[in-house]
Amino acid sequence: MTDPVFATRHRSALLFLVMAVLLALVGMIQSWNVAFTLLNLCLISAIMTLGVNIQWGYAGLVNFGMMGFTALGGLAGVLVAMPPVREAVAAGGAGILLALITAIITILASVFTWRRLGGAGRRQIWGTALVLLAGLVFFRLILDPAVEAIEAVEPAKTGYLGGLGLPILISWIAGALMAAAVAWVIGKISLGLRSDYLAIATLGISEIIIYVLKNEDWLARGVKNVNGLPRPVPYEVDLQAAPWLISLSERFDISVIDASSLIVKISYAAFFVVVLAVLYRLAEVALDSPWGRMMRAIRDNEVSANAMGKNVTSRHLEVFVIGSGIVGLAGAMLTTLDGQFTPASYQPLRFTFLIWVMVIVGGSGNNAGSILGGFLIWFFWIEAEPIGLWAIAALTAGMAEDSWLKAHLIENASHTRHMTMGLVLILVLRFAPRGLIPEKKR
């Protein structure tokens with residue numbers, strides 16, 4: 001029998017050990033390539049859950065806009081790493097720049113007008129609206145011809161401005177900064193709302209971001225996607241020609257193709273582990289600092305914290321920006337791993353619902369718990385289908401091959417994925433309502 005004291009003290013280690021065993025079983029039963037693919041996506045999911053945990057677990061902020069911040073991180077991969085399309089830049093680059101300047105001037109002018117006419121009643125409203133309307137007209141007059149010229153440049157191959165042609169790793173920082181900057185703007189507008197309104201507002205804003213990315217072809221080709229993003233690791237074709245890899249594959253009796261694919265995945269995993277470890281350490285230091293204690297005090301009793309002189313809205317803005325920046329970083333890493341940017345792939349089920357399930361199952365308020373949740377839920381999200389197929393095949397082994405019931409059950413095995421997610425969530429909420437690794441009492 002397991003010693004309960006030992007199990008309590010080493011609960012985190014035991015759960016992570018179980019997770020490692022599950023991944024190892026995938027490597028032995030399916031393939032190590034599948035196992036490392038799974039591991040890489042688990043690592044990225046864990047980084048996303050850290051960002052959400054900082055917002056929800058530390059400060060009690062409900063952010064349903066992770067999908068938008070993830071997409072912004074992915075966009076950073078395109079804007080930073082893809083080579084510029086010089087013909088498109090020559091055709092409409094100046095127009096886009098001028099339109100952006102016009103937009104900034106319009107916003108500043110509207111803010112100035114609003115403040116200048118403060119207390120003037122309807123004059124304040126109509127004056128600000130007039131400035132915004134005039135700015136919008138000028139903005140469209142400048143932007144539309146530039147967009148048309150850019151999208152006319154080989155639309156089947158490019159039709160967009162391209163990027164800066166810098167190393168893809170820089171896009172990870174850029175993705176975090178872009179997401180953080182957008183979060184600051186969103187936070188200035190929406191923080192202070194009640195939690196349910198904030199959830200709806202962030203969800204709506206993320207949908208707006210995805211809508212823009214899908215339809216502004218000049219920016220990142222819209223739904224035509226951007227393929228072939230540069231990599232921070234070698235290409236499989238180059239590795240397969242390397243004598244050291246040929247020698248290594250012969251020694252371990254595996255094909256050169258499998259060995260090259262495995263090395264690429266391990267290389268990605270090494271990058272992701274470093275990022276996750278650094279973020280985890282920083283998150284732990286922040287949680288144990290006076291800032292972390294203040295955040296928890298605001299989360300537990302906002303009214304009392306406000307009465308004690310804490311600026312709750314400013315502190316919420318801080319944590320909203322930090323968490324969103326981490327989600328943006330994860331989005332850039334995901335695009336780097338995929339090697340492509342596909343705006344249509346950003347779905348709320350994957351980038352909102354699942355991330356929240358990860359945090360809840362792992363244990364909100366505990367960074368290790370959120371990481372474990374990221375690993376566990378993504379593992380079952382991917383492996384539920386083959387496990388379900390295996391289970392149904394085993395249950396129907398005694399049925400005739402032409403049985404309609406057997407064929408029906410096997411055809412619907414893919415639905416076990418959603419059933420498994422629901423089952424995991426129900427079981428955890430029933431038997432561990434604070435998550436698998438609950439928040440520590442500090």
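The lining of the largest pocket has 26 nonpolar, 2 polar and 2 charged residues. Here Ala, Val, Leu, Ile, Met, Phe, Trp, Tyr, Cys and Pro count as nonpolar, Asp, Glu, Lys and Arg as charged, and the others, Gly among them, as polar. The model is predicted: local features need pLDDT of at least 70, side-chain atom pairs count only at pLDDT 80 or more, and totals for chains, interfaces and linings use all residues. Residues are numbered from 1 along each chain as its sequence is written, and side-chain values use heavy atoms, without hydrogens and water.

In total, 30 residues line the largest pocket. Nearest its centre lie Leu100, Val182, Val212, Trp218 and Leu219. A pocket is an open set of points on a 1 Å grid over the protein atoms alone, where a 1.4 Å probe fits, with protein on both sides within 12 Å along at least five of seven lines; lining residues have an atom within 4 Å of a point. H5 gives the largest share of this lining, 6 residues. Helices are DSSP runs (H or I, at least four residues), numbered from the N terminus.

Elsewhere, helix H17 (residues 367–395) meets helix H19 (residues 416–431). Their axes come within 8 Å and cross at roughly 120°. Axes are lines fitted to C-alpha atoms over the stretch in contact, and angles run from 0 to 180 degrees between N-to-C directions. H17 is therefore oblique to H19; angles under 35 degrees count as roughly parallel, over 145 as roughly antiparallel, 65 to 115 as roughly perpendicular and the rest as oblique. Contact (heavy atoms within 4.5 Å) involves residues including Trp381 and Glu385 in H17 and Arg417 and Met421 in H19.

Conventions. Helices (H or I, at least four residues) and strands (E, at least two) are DSSP runs, numbered from the N terminus.
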